[in-house]
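Reader: I am new to this structure and would like to learn how to read it. Could you take me through a few features?

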Amino acid sequence: MSPLSGQVRRDLQPEGELARRLEGYRPRSEQMALACEIAEALEQRQQLLAEAETGTGKTLAYLVPSLRTDARVLISTHTKALQDQLMHRDIPAVVGALGVRRRIALLKGRANYLCPLRLERHLSQGQLKLWEQKSLLAVRAWSERSRDGDLSGLAFDPFVAGIGAMITATAEQCLGSKCAHVEDCPLMRARKRAQAADIVVTNHSLLLADAALKSGEYGEVLPEFDAYILDEAHALPPLACQHFGVTLTQRRFIQWINDMLGVLDELGDEAALKLDLQQAFERLLHAWREADLEQVEGIWSDIVRLAESRAERGEELARLADRADRIAGELAAVRAPGEGYVGWQEGEGEARRHVVAPVETGPVLAQHLWRKPAAFVLLSATLRVSQRFDHARRRLGLEAPREAFHASPFDYERQALIYIPRHLSDTRSPTGIRRLTDEMEALIRVAHGRAFVLFTAWETLRRVAGELRDRLPWHVLIQGESGSRDAILETFREDTHSVLCGTRSFWEGVDVPGESLSLVIIDRVPFAPPNDPLLAARLRRCEEQGGRPFIDIQLPEAIATLRQGV
C-alpha cells in the first residue's frame with residue numbers, strides 16, 4: 001500500500017478525520033476501496049476506469065486523495081451545476097474536515113465571464129435598441145460590484161435577454177495580452193488563479209475545448225496537471241463529437257461581419273470597403289437560406305479577399321482576416337468531410353446548421369487527452385454494459401486502463417420495485433398513447449404524485465404531459481413550459497407531491513433527496529433515433545469492420561442511457 005493510500009484509508013475509517021469532523025459522514029466499504037484505488041492511480045500515474053454505482057459516494061472518494069496528494073490535480077465534471085456544487089459545497093466541507101491547505105480554483109468556459117472591452121464597445125454604439133441599452137447598463141452596474149465577473153452572479157441570464165454575445169468574447173474575438181482591459185479582465189484573472197492553484201475544478205466542455213485549441217493556434221487555456229479526475233465520464237464521447245468537429249451556423253458569419261464593421265467604424269475612413277462587405281454579406285445570407293453551399297463558399301472567398309486587403313492596417317484587422325480564413329476552412333470541411341468524419345444538415349432557413357463530427361470518438365480522445373504524461377481517473381455510475389467495460393473503453397479510446405467496479409450500498413431488493421407493463425400496444429398510435437397515459441396516471445395516483453416521468457422523444461412528451469396535467473390533482477411541471485431546468489427542479493423538490501415530465505436533460509445529474517421523488521416512469525427503452533446521421537455512420541463503419549451494429553452499438557448505448565435514467 002502506497003503512503004497516499006494509507007493516509008486516505010485512515011481518513012475514511014470509522015475513527016478517522018471525516019467521521020469526527022464531517023457532518024453526516026458514514027463509512028462505506030466500497031467508497032474506501034475506490035478512494036484507495038484512486039490514490040494508487042495518482043501516485044503511479046495510471047489510467048483508472050471505475051464504475052461506482054449510485055450511493056457509493058464517489059465524490060468523497062476522489063476528493064480525499066486529491067486533497068491529500070502533493071500532485072497538481074484537475075477535477076472535471078459534466079455540468080457547471082456540478083462544478084459549482086464541488087467548489088462551493090463539497091470541497092470546503094472536506095477541506096475543513098481534513099484540515100489541509102491546498103490552493104483551489106474554479107475555471108469555467110469564456111462564455112461565463114464578462115468581457116469589459118466588448119461591453120464598453122457595444123455601449124458606445126449609437127444603434128442600440130432601448131432594451132439592449134438598458135440591459136447593458138445593468139451589466140455595467142453589476143460589474144462594478146462583482147468580485148469575479150462570473151455572469152452567473154447576474155440577476156438575469158444575458159443570453160436569454162439577447163445580449164450574451166455583446167458582453168462575452170469568443171477565443172477568436174479575444175485580444176489576449178494586447179487588450180487594454182487585460183488587467184481587469186475576469187477571464188484572465190480566473191486563468192491566473194488556475195495557473196497558481198494546486199487543484200482546479202472545471203467541466204468537460206472546457207477540458208475538451210482546451211484540448212482542441214492546443215491542437216490549433218490559440219495556445220492553452222488550462223495549464224498541465226499531474227492528474228486528471230473526470231467525473232461523469234460517460235458524457236465525454238458525445239461532447240468530443242462537438243469539440244473535435246465543426247458546427248457552422250449563420251451566427252458564425254454574423255459575428256464576424258459585426259466585429260469587422262465595428263473595427264472599420266473605429267477607423268472612420270473605410271466607407272467603400274464597408275459597403276462592399278455589406279453587399280457581399282447580403283448575398284451570402286440569401287445563399288445560406290437557400291442552402292447553396294457552393295455559392296456561400298464563393299461569396300465568402302470574396303469577403304476573405306476584402307478582409308486580407310486591409311490586414312496590414314492593424315492588429316485587429318489582421319486577426320479578423322485570419323478568422324475569415326478559418327471560417328473558409330470550416331466551409332470546406334462542411335462541403336467535403338475528411339476521412340473518419342461525417343457531415344449532415346439540421347434545421348431550415350436562418351436556423352440551418354451544418355455539422356461535421358468524428359465517426360468514432362476513441363481515436364480523437366486518445367490523441368488529445370490520454371497521451372499526456374499524467375494520471376487519469378474516469379468515474380461514472382454507468383460505464384459497464386453486461387458487467388463489462390468493453391463498450392466504454394472503445395468509445396473513450398482507452399487501450400489498457402485499470403478497471404474497477406463498486407456496487408451500490410442500497411438494498412434494491414427491499415427498497416425498490418420495478419414494474420414492466422406487458423399489455424401496452426404500440427405507443428406511436430393514438431390508441432397506444434391513450435393507454436400509455438392511462439397507465440402513467442394510475443401509477444402516479446398510487447404514488448400520490450412524487451414522480452419523474454422521463455420521455456425519450458419530445459413528441460411523446462408534448463402528447464402525454466399536457467393530458468397528465470389536466471387529469472391529476474397535483475402540480476405537473478413540464479420541461480419547456482414551466483421555466484428553466486433548475487427552476488423546475490427547485491419547485492419539484494419543494495412541492496412534495498408534484499410531478500415532473502422531462503426529456504434527456506433530466507435523465508442524469510439530478511439529486512432529489514427525501515420523499516419528493518418516489519416513482520420514476522420511463523416511457524420506452526431509449527434507443528437513439530435510427531435516422532441520426534452520426535449513428536448511421538457509426539453503424540456502417542461497424543458493419544464494414546465485421547461487427548454487429550445492433551449488438552455492438554445500439555443495444556449497449558440504450559442500456560447505458562436506461563441505467564442513467566434509473
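Author: Gladly! Keep in mind that this is a predicted model.

Reader: Where does R118 lie?

Author: R118 is part of helix α6, which spans residues 116-123.

Reader: Which residues is R118 in contact with, leaving aside its neighbours within four places in sequence?

Author: Those residues are A165, M166, T168, A169, Q173 and D259. Two of these names come back when we look at polar atoms. The side chain of R118 has a polar contact of 3.2 Å with the side chain of D259. A polar atom of the R118 side chain also lies 3.0 Å from the backbone oxygen of A165.

Reader: On to strands. In what order do the strands of the open sheet with 3 strands come?

Author: The order is β6-β8-β7, and the pairing is antiparallel. An edge strand pairs on one side only, and here the edge strands are β6 (246-249) and β7 (341-346). From one strand to the next, the twist averages 10 degrees.

Reader: How many bridges link β7 and β8?

Author: There are 6 bridges between β7 and β8, and strand β8 runs over residues 353-358. To find your place in the pairing, look for Y341, which stands opposite P358 in β8.

Reader: Which helix lies across β6 and β8?

Author: That is helix α15, made up of residues 315-335, and it runs at about 105 degrees to β6.

Reader: Is S386 buried or exposed?

Author: S386 has 53% relative accessibility, so it is exposed. For one more positive phi, turn to R450: its value is about 55 degrees, and R450 is not a glycine either. You will find R450 in the loop between α19 (430-446) and β11 (451-454).

How values were computed:
Residues numbered from 1 in each chain as written. Predicted model: local features only at pLDDT ≥ 70, side-chain atom pairs only at ≥ 80, totals over all residues. Heavy atoms only, no water. Pairing = 2+ DSSP bridges. Helix = DSSP H or I, 4+ residues; strand = E, 2+ residues; numbered from the N terminus. Axes fitted to C-alpha atoms, helices over the stretch in contact; angles between N-to-C directions. Contact = heavy atoms within 4.5 Å. Polar contact = N/O pair within 3.5 Å; in protein donor to acceptor, adjacent residues only side chain to side chain. Buried < 20%, exposed > 50% of the residue type's maximum accessible area, 1.4 Å probe, protein only.
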